[in-house]
Amino acid sequence: MVHHCPVMQYTRETSLKEAAMSVLGVLAGILTTGCWLPQLVRSWRTRSVGDISWVYLLALASGVALWVVYGASQGDLPIVLTNAATGAALIALVVMKVRYRQPQLQEDPA
């Protein structure tokens, strides 16, 4: 006779659900982090990042940094890693924005 143990089943189902949610989190992170790749490539190729505002970069970088802190406090590696990768992409955009900025044309006083 086989006995059914509800505690073991609950633990197995919980582990499966947690694994599925981790996969979902990693997939979401890959998609949201990967969306930066086309912008980085385009900015690098065109040497143009003038349309990306400093306020946008600062606000997004602040939010991403807070997600990293939150993920670390929760022990959630997918949140930490994907937001750290997004942070790296933002740093690359900031570097390009500084490096590729257009010199201001000064009017000739004459």
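View 1. Arg47 counts as partly exposed because its relative accessibility is 38%; the label covers values between buried (under 20% relative accessible area) and exposed (over 50%), found with a 1.4 Å probe and protein chains only. Keep in mind that this is a predicted model, in which local features need pLDDT of at least 70, side-chain atom pairs count only at pLDDT 80 or more, and totals for chains, interfaces and linings use all residues. Residues are numbered from 1 along each chain as its sequence is written, and side-chain values use heavy atoms, with hydrogens and water left out. Arg47 sits in the loop between helix H2 (36-46) and helix H3 (54-74). What is the phi of Arg47? The angle is near 55 degrees, a positive value in a residue other than glycine.

**View 2. The whole chain, for orientation.** The protein chain has four helices and zero strands. Helices here are DSSP runs of H or I with at least four residues, strands are runs of E with at least two, and both are numbered from the N terminus. Of the chain's 110 residues, 20% count as buried. Among contacts (heavy atoms within 4.5 Å) between residues at least 6 apart in sequence, 73% join residues at least 24 apart.

View 3. Look for Trp36, Leu40 and Ser43, which are buried in H2. Seen down the helix axis, the buried residues of H2 fall within an arc of 70 degrees, so they line one face of the helix; the arc is that of the directions from the helix axis to the C-beta atoms. Which exposed residues does the face turned away from the buried side of H2 carry? They are Leu37, Pro38, Arg42 and Arg45.

**View 4. The largest nonpolar core.** This core has 11 residues in all, among them Trp36, Leu40, Val49, Leu57, Leu93 and Tyr100. A nonpolar core is a set of buried Ala, Val, Leu, Ile, Met, Phe, Trp, Tyr and Cys residues joined through side-chain atoms within 4.5 Å. H2, H3 and helix H4 (77-99) each give two or more residues to this core, and H4 provides the largest share, four residues. In soluble globular proteins, nonpolar side chains tend to be buried together.

**View 5. Around Tyr100.** Tyr100 belongs to the largest nonpolar core. Leaving aside neighbours within four places in sequence, Tyr100 is in contact with Ser43, Trp44, Arg47 and Ser48.
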